[in-house]
Amino acid sequence: MRAEAGRLRTTSLRLRTVVAIVVLLAVLLAGLTIAVEGLLGVRLRAQAEDRLRDRASAAAALVGTVDAEDLADRLSAQGLSVRIVQPDGDAVEAGPTPDQLRAGPPDPGSLPVTVPRGSGGVGRTPTDPATPAPADDGATITSSSVREDDGVLTLVSRLDDGTRITLTAGTRDVQDTLVQLGWVMGGASAAFLGIAVLGVVLVVRRSLRPLDQMATTARSIAGGDRGQRLRPSRRDTEIGRVAVALDEMLDAVEGAEREAVAAEARVRSFLSDAAHELRTPVAGVRAAADTLVRGGAGDDRTREVLAVHVVRQADRAARLIEDMLTMARLDRGIELDRRVVDLGAFLAAEGDRLRLRLPTLELDVVVPAHPVEADVDAERIAQVLGNLVDNAARAGGATGRVVVSLDDRGPGPVVRVEDDGPGIPLEHRERVFDRLVRLEAARDARSGGAGLGLPIARGIAEAHGGGLRYGEEGTLGGAVFELSLPAATGVVRASC
């Protein structure tokens with residue numbers, strides 16, 4: 001169930017795009033049809049209402065000059081249902097009934113033809129009240145109201161002499177016109193949508209073609225062609241930005257793959273070198289112990305020499321194991337007990353301890369007269385300083401000279417360790433910071449170093465936010481190492 005819920009479900013992007021565009025067009029066309037029908041319907045009804053008002057105004061002008069029945073006949077001749085209520089209450093009706101108007105427009109042949117009184121009655125056409133002759137005693141409209149009900153439009157006009165004229169016209173022709181318009185718009189919209197579907201399919205297929213190219217490139221890369229890239233012609237478009245992001249991701253993945261392969265190679269090399277380094281002291285311990293167990297050492301002096309050899313080789317193996325554990329902690333992220341330390345007093349104290357451990361070494365410590373504070377783990381920095389001085393002592397010999405100096409003129413304090421040894425060739429000055437790397441001179445000297453001192457020292461320096469590098473040429477002519485440390489940000493000073 002969880003695997004099913006986590007599966008990505010999606011349809012074709014082309015299909016979704018086409019359907020979305022077609023649905024949007026259909027909604028827009030439907031809205032356009034409704035809007036056109038609504039506006040046209042309002043316009044046609046307004047015209048019908050204006051026509052009724054014109055007829056009512058014309059009729060009002062004839063009131064008093066034309067008989068009510070004659071006036072009603074004239075108005076009904078135009079297809080209107082007429083009802084005239086005179087001031088005395090008499091009502092005159094003419095024309096089709098409202099029900100007949102609802103059924104549809106009247107047949108012109110069925111409309112009454114009325115000849116005005118006094119005209120002779122022969123050869124005369126009905127008079128259109130819409131263009132009446134001016135009359136001095138005509139009435140005026142004081143109020144009017146319009147209502148529409150089920151296919152008929154009714155106008156009720158009240159005159160100033162008390163007459164009420166009701167004119168009713170059918171709106172069935174308006175409705176028929178709107179229905180026909182709806183069918184026309186619907187057919188045109190359907191035809192337009194059919195053409196639009198074909199056009200949208202072609203446009204979407206062409207627009208999404210770069211996605212097919214991206215998929216093909218991804219499959220090629222997955223098949224082993226790691227150097228394949230999209231390289232878009234334009235980087236400011238949507239597809240271009242996606243292609244650039246994919247290329248950057250592929251570069252990162254390829255770089256991570258190279259780093260992983262290199263890291264695996266370094267681990268294998270490290271394990272091989274570590275095993276080789278451990279094999280020497282273990283073999284020495286085994287040989288001496290085997291000799292002691294078998295009783296091969298006849299006198300006490302020989303047994304003592306063998307015992308001392310066992311202790312020294314075991315101590316060498318223990319140091320190597322401890323160094324490897326320290327490197328593992330640095331890789332994992334070492335925890336530092338940081339505090340503000342006066343580096344001048346700290347280096348002076350460490351110099352005294354190192355002179356006790358290396359009595360034949362000429363060790364000078366040069367520090368400023370003013371306090372130089374740094375935020376460090378004092379024990380770890382002492383470990384770095386001890387590694388650097390031990391390396392300098394091995395390079396310069398037991399009676400060599402080493403100068404430890406402190407410089408605070410930069411953004412952070414820098415500790416320099418110089419010796420009067422042969423120095424390090426230019427091509428090896430960065431390589432000595434790799435793990436288990438010892439130069440040939442160091443190997444020949446049989447000094448016992450495993451090649452982890454400088455990597456550990458640099459790892460501790462970087463964990464502090466500083467660094468360790470091979471410096472410029474010093475005054476003694478030998479190797480120069482510079483340990484940069486972060487300046488103190490607090491005010492509490494720890495005692496050394």
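Let me start with the rule: rings of Phe, Tyr and Trp (its six-membered ring) pair if their centres lie within 6.5 Å. Planes under 30 degrees apart count as stacked, over 60 as edge-to-face and the rest as tilted. By this rule, we get two aromatic pairs.

A word on the source. This is a predicted model, where local features need pLDDT of at least 70 and side-chain atom pairs count only at pLDDT 80 or more, while totals for chains, interfaces and linings use all residues. Residues are numbered from 1 along each chain as its sequence is written, and side-chain values use heavy atoms, leaving out hydrogens and water.

Now, pair one. F433 and F481 have ring centres 6.1 Å apart and planes at 80 degrees, so they sit edge-to-face. F433 is in the loop between strand 10 (414-419) and helix 11 (440-445). F481 is in strand 12 (residues 480-484), and the two are 48 residues apart. Helices (H or I, at least four residues) and strands (E, at least two) are DSSP runs, numbered from the N terminus.

Buried means under 20% relative accessible area, exposed over 50%, partly exposed in between (1.4 Å probe, protein chains only).

Pair two. Y470 and F481 have centres 5.4 Å apart and planes at 80 degrees, so this pair is edge-to-face. Y470 lies in strand 11 (residues 467-470), eleven residues from F481 in sequence. Y470 is buried at 11%.

Put together, F433, Y470 and F481 form one aromatic cluster.
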